[in-house]
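Here is a short report for a reader who works with coordinates. Please look over the sequence and the model before reading on.

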Amino acid sequence: MDIFLIDGPVRLSGSVTINGSKNASLPIMASAILAGGKSILRGVPDLSDITVCGQLLEQLGCKVVKEPTGELSIDSTVVDNPFGDYEILRKMRAGICILGPLLARCGRAEVSMPGGCAIGDRPVNLHINGLRQLGARIHLKSGYIIAEAPNGLTGKEIFMGGPFGSTVLGTANVLAAATLARGRTVIESAACEPEIVDLANCLNKMGAKISGIGSPRLTIDGVSGLEPVEYEVIADRIEAGTFMVAAAITAGELKLTNCRLRHMMAVADRLRHIGVKVEQDNGGCVVSATGPPRTADITTQPYPGFPTDLQAQFMALLSLADGNSVIIEKVFPDRFMHVAELNRMAANLRKEGPAVIVAGVKKLIAAPVMASDLRASAALVLAAMAAEGTTIINRVYHIDRGYEKIEQRLNPLGASISRQSV
Ligand code: EPU
């Protein structure tokens with residue numbers, strides 16, 4: 001198992017290119033199932049979640065190859081084993097996004113219910129309800145979702161909102177399935193995240209008829225078949241946001257290329273509010289800070305609100321602010337595993353239900369800490385770069401799930417991170 005040793009404090013400066021989006025790539029990879037033939041995806045990041053998703057597709061019968069050019073090819077000519085194994089789904093919850101495509105392509109799917117995870121309960125009731133409304137017969141057996149639609153799916157008006165708003169992967173599943181359903185499907189309260197926009201654009205390039213893309217009301221006119229596609233995924237707005245916080249927390253200056261600021265308006269708004277400069281720079285942006293941040297209140301929400309996937313990183317940043325901030329988590333109310341670890345580094349955080357009161361401290365101090373999930377571990381790396389001393393982060397495999405060789409990208413900018421196998 002790898003650990004990170006991170007020396008701080010450091011000041012970052014330089015230029016970094018943002019990779020393709022993990023959370024756009026995963027449902028797009030799954031949607032390759034819908035078309036028999038070889039699809040080529042560009043910009044898919046080199047991450048363990050992507051490798052696991054490739055393994056899942058191979059179990060179904062697809063051939064998945066990382067080409068020497070960096071492209072990912074998925075040949076879905078054969079999909080003869082519509083089975084999503086628990087052994088894979090327990091590692092990567094996003095594997096659930098094969099459910100809709102498999103059902104549409106094969107008329108049947110047997111996919112493990114994903115397990116719980118460190119960020120809280122992750123139910124899939126909205127995925128199941130949506131697919132049922134398209135006519136699928138679905139029951140649960142021994143931890144597996146057994147879905148059947150031997151005579152195909154039929155379009156319908158579906159409301160997909162839940163107690164915490166829209167669902168990203170639920171929308172992806174129903175949207176993908178509806179492309180091949182008979183007639184028209186309307187998804188009301190669809191997720192509007194850029195990753196869903198990217199999926200819908202990719203599906204349209206495959207021959208689907210989706211309109212209302214980017215709005216909470218998606219209209220899908222079913223077609224009889226889809227074609228393989230060549231497609232480039234969008235830049236990763238969460239990776240970009242993490243590098244922005246890296247510039248801010250180290251009072252540094254970073255130029256981000258391949259970063260779409262228009263996907264990050266809530267993030268830029270909060271950064272500017274706390275005194276960080278964020279300037280558009282053709283195809284990217286420049287982020288700079290000169291001192292400790294001012295306080296800010298943040299509430300996570302579905303897009304275009306502030307993303308839950310940057311909540312932990314902003315908590316690390318605001319822990320150094322001059323006063324009190326309040327962070328409210330409205331997407332995953334239990335996503336606070338990083339609170340205790342940041343407190344180990346001398347932050348002053350108090351959890352109150354789905355909120356955390358962040359009392360700013362003058363400095364963070366290095367300590368041994370434990371990464372608990374992907375974004376929480378990113379927050380620890382950020383805190384460690386600002387903290388005095390050498391922080392040891394255990395279980396860095398969590399960070400490898402979503403950030404490609406993070407130490408190799410931060411070190412040239414001035415960080416001092418070494419990876420060791422223990
Ligand atoms: N929810 C339900 N029922 C469902 C599905 C979701 O009640 O059937 C609830 C969830 O419990 C949560 C809320 O709805 O309270 C939103 O969850 P959502 O379904 O949107 O999450 P997801 O699709 O499983 C994706 C990202 C997450 C990101 C969330 C929210 C991928 C692979 N995962 O998850 O990303 O936090 O959307 O934006 O796209 C990450 O990258 O670190 C990560 C966890």
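Where is P304 found? P304 sits in the loop between β18 (298–300) and α10 (311–318). The model is a predicted one. In it, a cis peptide bond links Y303 to P304, with omega about 10°.

The bond from G8 to P9 is cis too, and its omega is near -5°. P9 belongs to the loop between β1 (2–8) and β2 (13–17). Then there is A251. This residue is not a glycine, yet its phi is positive, near 50°. A251 lies in the loop between α8 (237–249) and β15 (253–257). For context, most peptide bonds are trans, and most residues other than glycine have a negative phi.

## The ligand shell

How many residues surround the ligand? The count is 24. The closest are N125, L126, T167, D309 and V331. By class, the shell holds 11 nonpolar, 6 polar and 7 charged residues.

A polar backbone atom of V331 is 2.4 Å from one oxygen atom of the ligand. For L126, a backbone N or O atom lies 2.8 Å from a ligand oxygen atom. K22 uses its side chain: a polar atom there is 3.2 Å from an oxygen atom of the ligand. On its own, the ligand has 830 Å² of accessible area, and the protein covers 93% of this. Four helices, α1 (22–31), α5 (125–133), α6 (168–178) and α12 (374–386), are the elements that give two or more residues to the shell. Of these, α5 gives the most, with 3 residues.

## Between two domains

Why does the ligand lie between domain 1 and domain 2? Both domains give residues to the shell around the ligand, so the ligand lies between them. Domain 1 is built from two segments, 2–19 and 236–421. Domain 2 covers 22–232.

## Strand pairing

Strand β7 (residues 108–112) pairs with two strands, β6 and β9. With β6 (residues 83–84), β7 runs parallel, and 2 bridges join the pair. Here F83 stands opposite E110 of β7. With β9 (residues 144–148), the sense is antiparallel, over 5 bridges. In that pairing, S112 faces Y144 of β9.

Another antiparallel pair is β16 (residues 277–281) with β17 (residues 284–288), joined by 5 bridges. D281 has G284 of β17 as its bridge partner. The two strands form a hairpin, with 2 residues between them. G283, in the turn, has a positive phi of about 75°.

## Salt bridges

How many salt bridges does a search of the whole structure find? The search returns 20. One pairs E71 with R42, and their closest N and O atoms are 2.8 Å apart. This pair links distant parts of the chain, 29 residues apart. E71 is in the loop between β4 (63–66) and β5 (72–75), while R42 is in strand β3 (residues 38–42).

How values were computed: Residues are numbered from 1 along each chain as its sequence is written. This is a predicted model: local features need pLDDT of at least 70, side-chain atom pairs count only at pLDDT 80 or more; totals for chains, interfaces and linings use all residues. Side-chain values use heavy atoms; hydrogens and water are left out. Two strands pair if DSSP finds at least two bridges between them. A residue is near a molecule or strand if one of its heavy atoms lies within 4 Å of it. A polar contact is a pair of N or O atoms within 3.5 Å; within protein, one must be able to donate a hydrogen and the other to accept it, and residues adjacent in sequence count only if both atoms are side-chain atoms. Accessible areas come from the Shrake-Rupley method with a 1.4 Å probe; for residues, only the protein chains shown count as cover. Ala, Val, Leu, Ile, Met, Phe, Trp, Tyr, Cys and Pro count as nonpolar, Asp, Glu, Lys and Arg as charged, and the others, Gly among them, as polar. Domain bounds come from an automatic or database domain assignment. A salt bridge is a side-chain nitrogen of Lys or Arg within 4 Å of a carboxyl oxygen of Asp or Glu.
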